[in-house]
Amino acid sequence: MEASGAISLQLGVNALCALKLRLPLGLPTPSSDPPGGGETYLSRAWTTSPSVPGRVVASVRRLHQLRATMQWAGSMMSRLRSCLQALPSALRRSLSSAQDVLRRTPLYDFHLAHGGKMVAFAGWNLPVQYRDSHVDSHLHTRRHCSLFDVSHMLQTKIFGHDRVKLMESLVVGDIAELKPNQDKVRELQNMGSDVGLEVMDNALLALQGPTAAQVLQAGVADDLRKLPFMTSAVMEVFGVSGCRVTRCGYTGEDGVEISVLAAEAVRLATALLENPEVKLAGLAARDSLRLEAGLCLYGNDIDEHTTPVEGSLSWTLGNRRRAAMDFPGASVIVPQLKGKVQRRRVGLMCEGAPVRAHNPILSTEGTVLGAVTSGCPSPCLRKNVAMGYVPYEYSRPGTLLLVEVRRKQQMAMVSKMPFVPTNYYTLK
């Protein structure tokens, strides 16, 4: 570290001299140098001789200035070198702690070996894309199938006679709020309920696209035609036993999510990639695919302050629960179901520059109505798509609005979602 730092500093000084940059104020000049060796004394005597041409004298003076500059730079290098000697350990500690914060899935080394470009996402180190471009990965998923590592998503097993009671005591369709040592399980257990929760040490692979079932069928004995959307079964997959295969995904395409023991994740991923239909895809493609499908990203499009009605997710509420009003937030949500809600999540088809999260949404008169929560160019439609929240009276499809991008207003139209038709597999 010290040697490389010294080399870098020396190159910087050489560049300074070669480019003839202006010297900092306060540098020593030849006239202020103390008498030293014979070379310095002879040089001064030579430059004061009347027989020496003026241009030669000027050149020699410049050489003196250069020598003084180098001496000053050498002094600075010594001081900087002493600073550098103290930096490496501190930097290593800082960088190490930053890396330690990011968790790795069981496929981390596998991603690197296949050219994955790793980024921080929700506390994890995940591939944003591979050697193919984001758009190529997106379109390959729509036309063939892609393999995604979604092992960062929590997998849990809930057991006991009161497991349904637990699920129905939580926010509709979401158990992500459960935290270590602070969850609904302990509360119900203290009340005498028979319920338990186990966090599983499994990887999760998502195989998504119109040919996903065909690819997977070659490696399983079960008939996947009998496994419709949102159902699951435990089976052996390409020689890996104990895999739970669920017909679901977050791309709008047919596909599966495979829960597999962490130690077997690389083996299974490698087996799936042997089929030329399958390519690896990362976060970038997953984001644009889910947006085309009108699916929410938690923390962007919905959060703990969003009701299902506001988020256009009323379908998650069953009729029995609506009637019983026995779910958290029922006193607010049920009236919203029966009447107008103040705001709604809507889809937007936009002109001009790509629309991104936090861009303001305005009426055609210029009044700010809300904000974009997700947006990107659609690779399939070749148009800009987005979603965001607007007052109920502006949520009807076909309503013209404005979005502000880089302080410029451009037209947008409220659109039905999904933007691209979904292809979930259901039994005919």
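The protein exposes about 24,400 Å², and carbon and sulfur atoms supply 55% of this area. Accessible areas come from the Shrake-Rupley method with a 1.4 Å probe; for residues, only the protein chains shown count as cover.

This is a predicted model, where local features need pLDDT of at least 70, side-chain atom pairs count only at pLDDT 80 or more, and totals for chains, interfaces and linings use all residues. Residues are numbered from 1 along each chain as its sequence is written, and side-chain values use heavy atoms, with hydrogens and water left out.

**Exercise 1. Overview**

Task: State how many helices and strands the protein has, and what share of its residues is buried.

Solution: 
- Step 1. Count the elements. There are 12 helices and 17 strands. Both are DSSP runs numbered from the N terminus: helices are H or I with at least four residues, strands are E with at least two.
- Step 2. Turn to burial. Buried means under 20% relative accessible area, exposed over 50%, and partly exposed in between (1.4 Å probe, protein chains only). Of the 428 residues, 39% count as buried.
- Step 3. Look at contacts, meaning heavy atoms within 4.5 Å. Take those with a separation of 6 or more: residues 24 or more positions apart account for 64% of them.

**Exercise 2. The largest nonpolar core**

Task: Find which residues touch the most other members of the largest nonpolar core, and which elements supply it.

Solution: 
- Step 1. A nonpolar core is a set of buried Ala, Val, Leu, Ile, Met, Phe, Trp, Tyr and Cys residues joined through side-chain atoms within 4.5 Å.
- Step 2. Find the centre of the contacts. The core has 28 residues, and Leu207, Leu216 and Leu268 touch the most other members.
- Step 3. List the suppliers. Elements that each give at least two residues include strand S4 (145–149), strand S7 (202–208), helix H8 (212–217), strand S10 (255–261) and helix H9 (265–273). The largest share, 4 residues, comes from H9.
- Step 4. Recall the general pattern. In soluble globular proteins, nonpolar side chains tend to be buried together.

**Exercise 3. Rings and charges**

Task: Find the aromatic pair and say which parts of the chain it ties together.

Solution: 
- Step 1. Apply the cut-offs. Rings of Phe, Tyr and Trp (its six-membered ring) pair if their centres lie within 6.5 Å; planes under 30 degrees apart count as stacked, over 60 as edge-to-face and the rest as tilted.
- Step 2. Search. The structure holds 1 aromatic pair. Phe229 and Tyr424 are stacked, at 4.3 Å centre to centre with 15 degrees between the planes.
- Step 3. Locate the partners. Phe229 is in the loop between H8 and S8 and Tyr424 in the segment after S17, so the pair ties together parts 195 residues apart in sequence.
- Step 4. Phe229 is partly exposed at 28% relative accessibility, and Tyr424 is partly exposed at 25%.
- Step 5. Look for charges over rings (NZ of Lys or CZ of Arg within 6 Å of the ring centre and within 35 degrees of the ring normal). Arg104 lies over the face of Tyr108, at 4.0 Å from the ring centre. Arg343 lies over the face of Tyr389, at 4.3 Å.

**Exercise 4. Backbone and cysteines**

Task: Locate the cis peptide bond, two positive phi values, and any disulfides.

Solution: 
- Step 1. A cis peptide bond joins Met417 and Pro418, with omega about 10 degrees. Pro418 is in the segment after strand S17 (408–415).
- Step 2. Met230 is not glycine, yet its phi is positive, near 70 degrees. Met230 counts as exposed, at 56% relative accessibility.
- Step 3. Arg407 also has a positive phi, near 65 degrees. Arg407 is exposed, with a relative accessible area of 79%.
- Step 4. Disulfides are pairs of cysteine sulfur atoms within 2.5 Å. The search finds 0. Cys248 is buried at 10%, and Cys376 is buried at 5%.
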